[in-house]
Amino acid sequence: MSRVSRAVLIAAIAMPISTAAAAQAHSQSDPLAPSGQFSVYRTAAAQTPPMGWNPWNAFHADVDEAKVRAVAKAMVDSGLATRGYRFVNIDDGWALRRLADGRLRIRDNTFPSSATPGSDTGSFKPFTDYIHGLGLKAGIYTDIGRNTCMQRWDADTPNLPVGTVAERQVGSYGHAVQDMRTIFADWHFDYIKVDACGVADYTHADPPVTSGAYDTFAPLIVRGNIPASNPQAVEGLYAALGEAIQRWGGGNATLSICAWGEALSALWGGKRGNLYRTSPDIESNWKSMVSNIDSVIDGALYAGPGHWNDPDMLEIGHGDFDAAHLTEARSHFTMWTIMASPLLLGYDLRQSAPALFDIVANPEAIAINQDPAGNQGVPYRNGDAMVVVKTLSGTGARAVALFNRGTKSVEASVSWAQLGFAAGSVAKVRDVWAHSDRDATDRISVTLPAHGSVLLRLRGTPSEVAATFLTNMPGRVNVAVDGLTQATALPMGQFPARVGAAPDGRILKTNGIGAFANSRLEVRADRAFHRFLTAPIVLSGGQPVRFRVYADRKLVGEVTGSPTRAAPPIDVDIASAKIVELVAMTNAGTTRPPMIAWGNARLMR
Ligand code: GLA
């Protein structure tokens, strides 16, 4: 990007920053008051899930420029780039030391093109020029704390930073503006992954700290322990970094938050970044992949254009997902596709097996992942069989993944009711892996071998032509306030607002969205609808709950209900509003608010 267009973008992003500030000021006053906004991290970046490659799963710390450049070239030459793979990201291991004036010096023995005569820092500009010259985009890595993950967890590997304790503090803590300016304005990166070990793993008890090699950092994240962590402080650090990124990188810079779902980061990630990890690091085995699916599968209301749940990079090409395990590799890709997860390849593309290429380059699978509506698929479970339905853009367009987690073959099926199709209607069905077409009526059933999956694209007839159910547009719903306080936080991996289920996992009897009371949902109606209908339900607790509907901040509907006295249905004129907000409020429950549901919630054209 030219200097000029970068400056224009910097001017353009001044607005999202100030609206974010306005939204924050708003939520500090009364979080349940309508905001009139869709208050997610708003930049022009990542409008569909990012696609690309990262060296960590292939090389860990043993990375160098020659490998990364060769992989970038292979990404183009193989045709992967034309299928949508765009980012070439450097992970941990590039920083040599922090200089006395705070600037970062690049490790030029592994990134030789960075060596610049007369410069004591070096520059990544020749590297990013090369990547941009291939028509690709370049990404880099830092940590929100003073030190990175490799320094803590890979102490015996090559490419660790060198020098004094202070010189080895290559994380961005205390250097957010300076580092982002260098990385985006000087080095022209397009994407940054920001890890969090620096605020998690440098306590007195951690061996490298005990040995005196690193300063102590009073932990803001205690892994697996939300009450002992400080979610607000972690969120604050990422928020400040995000502002620095927008200032120096413009509105197209992508921010990947890597706090592994800790400190409630899976719940606030959408406000602070373009993608946010929901789980520990993926490993190249089936169990790890399934557990990372579970960390994200119920989070459809936490993803949408510009903000994506991230169950980590792909392990295709390694271990249980290598070229000798194509069933598993295909299932891994099927699930990342249907979950609208980022598609970051992690194997050495210089030696790609054609059979793996056929999986990761399947244009129909990629199109499902990249669908512009940005809906994450919604799951239905039946033992080891899992069915995931992703609403695509276009009337009656759906993708369905049928997935077998287990080691015995299972039957799996999806019904027209789950797809929102009219009973008795015929749908066109495309099998994305078998490359075959057929028609179906009322239900599709398949037999899945161990670890097997089927990925379908359907075109059917919606049961209510003029209605769009909120359950079919999770990418346009934002959980602005979830009703939880930190003290009542759910266990990690559970989402406090869900499609088709209450926060405790109980399946709703009506098609709807489950949440806690004292919550506020923002719906991006975009002036496309004129009425809103719902049957609100109180699922638990003894006290009444007040349900309010706002259209562009104007109160248009209000009813009260309790578990014993059902609330009357709401059917209101929303006058082509941009933003519809759904607020459920109660005085009850100091420990955990009652659970509620917005039953059959739908917008009418
Ligand atoms: C953490 C991250 C990984 C990788 C390593 C690098 O573990 O979660 O994805 O970036 O750090 O050290």
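Reader: Which residues form one aromatic cluster?

Author: Trp 94, Phe 111, Phe 124, Phe 127, Trp 187 and Phe 189 form it, where rings of Phe, Tyr and Trp (its six-membered ring) pair if their centres lie within 6.5 Å, planes under 30 degrees apart counting as stacked, over 60 as edge-to-face and the rest as tilted. The model is a predicted one, in which local features need pLDDT of at least 70 and side-chain atom pairs count only at pLDDT 80 or more, whereas totals for chains, interfaces and linings use all residues. Residues are numbered from 1 along each chain as its sequence is written, and side-chain values use heavy atoms, with hydrogens and water left out.

Reader: How many aromatic pairs does this rule give, and why is the pair of Tyr 302 and Phe 495 called tilted?

Author: The count comes to 18 aromatic pairs. The ring centres of Tyr 302 and Phe 495 are 5.2 Å apart and their planes stand at 40 degrees, so this pair is tilted. Because Tyr 302 lies in the loop between α11 (286-294) and β9 (308-310), and Phe 495 in the loop between β20 (477-481) and β21 (498-499), the pair ties together parts that are 193 residues apart in sequence.

Reader: What makes Tyr 302 count as buried, and what makes Phe 495 count as buried?

Author: Buried means under 20% relative accessible area, exposed over 50%, and partly exposed in between, with a 1.4 Å probe and protein chains only. Tyr 302 has 6% relative accessibility and therefore counts as buried, and Phe 495, at 2%, counts as buried too.

Reader: What places the charged end of Arg 223 over the ring of Trp 260?

Author: A charge sits over a ring if NZ of Lys or CZ of Arg is within 6 Å of the ring centre and within 35 degrees of the ring normal. The charged end of Arg 223 is 3.9 Å from the centre of the Trp 260 ring, and Arg 168 lies over the face of Tyr 214 at 4.9 Å from the ring centre.

Reader: Which residues surround the ligand, and how far from its oxygen atoms are the polar side-chain atoms of Asp 91 and Asp 92?

Author: Among the residues surrounding the ligand are Trp 56, Asp 91, Asp 92, Tyr 141, Lys 193 and Trp 260, a residue being near a molecule if one of its heavy atoms lies within 4 Å of it. A polar side-chain atom of Asp 91 lies 2.6 Å from a ligand oxygen atom, and one of Asp 92 lies 2.8 Å from a ligand oxygen atom.

Terms used
Helix = DSSP H or I, 4+ residues; strand = E, 2+ residues; numbered from the N terminus. Polar contact = N/O pair within 3.5 Å; in protein donor to acceptor, adjacent residues only side chain to side chain.
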